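Q: I would like to learn how to read features of a structural model. Can we go through one case at a time?

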Amino acid sequence: MISPMRRFLFTSVFSVALASGVTGCGATTRSARAQSSVAVAAGASERGLASYYSDSLEGNTTANGEAYDPGALTAAHRTLPFGARVLVQRVDNGRSVIVRVNDRGPYAGAARIIDLSRASAEVLHMIRAGVVRVRLEVLSLPARSRRASR
């Protein structure tokens, strides 16, 4: 017969192991890898949450090698190619801004689909809120990405 303490420990460990296996640390990586292999075309759209970069990151190197400039209209996206131009529209107030993808992210959860520079966030009036619902529309892709997706 199993003691109540052992039963509790076993079920606790089993529950944690099961949860880890279902949601797993690798689930995000596999999902991101699968998304990056999908061809994207101008006109593609996406809905989700947007956040913005901290001012403390000014000057840090972005994924494409540029220094982060809070005054530039730039953004991070997990899969869009660097140089893609994206219309970002805030769902609740209709304000929009066109940004250029120059970094990878966001990494704060699957619901967040884009990280914006401070200047982009100011255009959308999202500084106080921090995170807002947005709709993205890909306006253009860099020339080499257009050739690759054909």
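A: We start with burial: a residue counts as buried when its relative accessible area is under 20%, and as exposed when that area is over 50%. The model here is predicted. H77 has a relative accessible area of 3%, so H77 is buried.

Q: Where is H77 in the chain, and which residues does H77 touch, not counting residues up to four places away in sequence?
A: H77 is in the loop between β2 and β3. Setting aside residues up to four places away in sequence, H77 touches E46, V101, D103, R104, G105, I113 and L136.

Q: What does the secondary structure of the chain come to?
A: The chain has four helices and six strands. Read along the sequence, the pattern is α-α-β-β-β-β-β-α-β-α. Of the 150 residues in the chain, 29% are buried.

Q: Is G83 buried, exposed or partly exposed?
A: The value for G83 is 24% relative accessibility, so G83 counts as partly exposed. G83 is in the loop between β2 and β3. Apart from neighbours within four places in sequence, G83 is in contact with R100, V101 and P142.

Q: How do I read a buried charge, and which side chain of opposite charge is nearest to D115?
A: A salt bridge requires a side-chain nitrogen of Lys or Arg within 4 Å of a carboxyl oxygen of Asp or Glu. D115 is buried and has no salt bridge; the nearest side chain of opposite charge is R112, 5.2 Å away. D115 is in strand β5, residues 112-116.

Q: What polar contact does the side chain of D115 have with S51?
A: The side chains of D115 and S51 are joined by a polar contact of 2.3 Å. Not counting residues up to four places away in sequence, D115 touches S51, Y52, Y53, T74, A75, A76 and P106.

Q: How many aromatic pairs does the structure hold?
A: The structure holds one aromatic pair. Y53 and Y68 form this pair, which is tilted, with 4.7 Å centre to centre and 35 degrees between the planes. Both Y53 and Y68 lie in the loop between β1 (45-52) and β2 (74-76), so the pair ties together parts that are 15 residues apart in sequence. Y53 counts as buried at 10% relative accessibility, and Y68 counts as buried at 4%.

Q: Which charged end sits over the ring of F82?
A: The charged end of R104 sits over that ring, 4.3 Å from the centre of the ring of F82.

Q: What should I look for in the backbone?
A: Most residues other than glycine have a negative phi, and most peptide bonds are trans. In this chain, the peptide bond from G105 to P106 is cis, with omega near 0 degrees. P106 lies in the loop between β4 (96-103) and β5. H125 is not a glycine, yet has a positive phi of about 55 degrees. H125 is in the loop between α3 (118-123) and β6 (132-140).

Notes
Residues are numbered from 1 along each chain as its sequence is written. This is a predicted model: local features need pLDDT of at least 70, side-chain atom pairs count only at pLDDT 80 or more; totals for chains, interfaces and linings use all residues. Side-chain values use heavy atoms; hydrogens and water are left out. Helices (H or I, at least four residues) and strands (E, at least two) are DSSP runs, numbered from the N terminus. Buried means under 20% relative accessible area, exposed over 50%, partly exposed in between (1.4 Å probe, protein chains only). Lys and Arg count as positive and Asp and Glu as negative; His and the chain ends are not counted. A polar contact is a pair of N or O atoms within 3.5 Å; within protein, one must be able to donate a hydrogen and the other to accept it, and residues adjacent in sequence count only if both atoms are side-chain atoms. Contact means heavy atoms within 4.5 Å. Rings of Phe, Tyr and Trp (its six-membered ring) pair if their centres lie within 6.5 Å; planes under 30 degrees apart count as stacked, over 60 as edge-to-face and the rest as tilted. A charge sits over a ring if NZ of Lys or CZ of Arg is within 6 Å of the ring centre and within 35 degrees of the ring normal.
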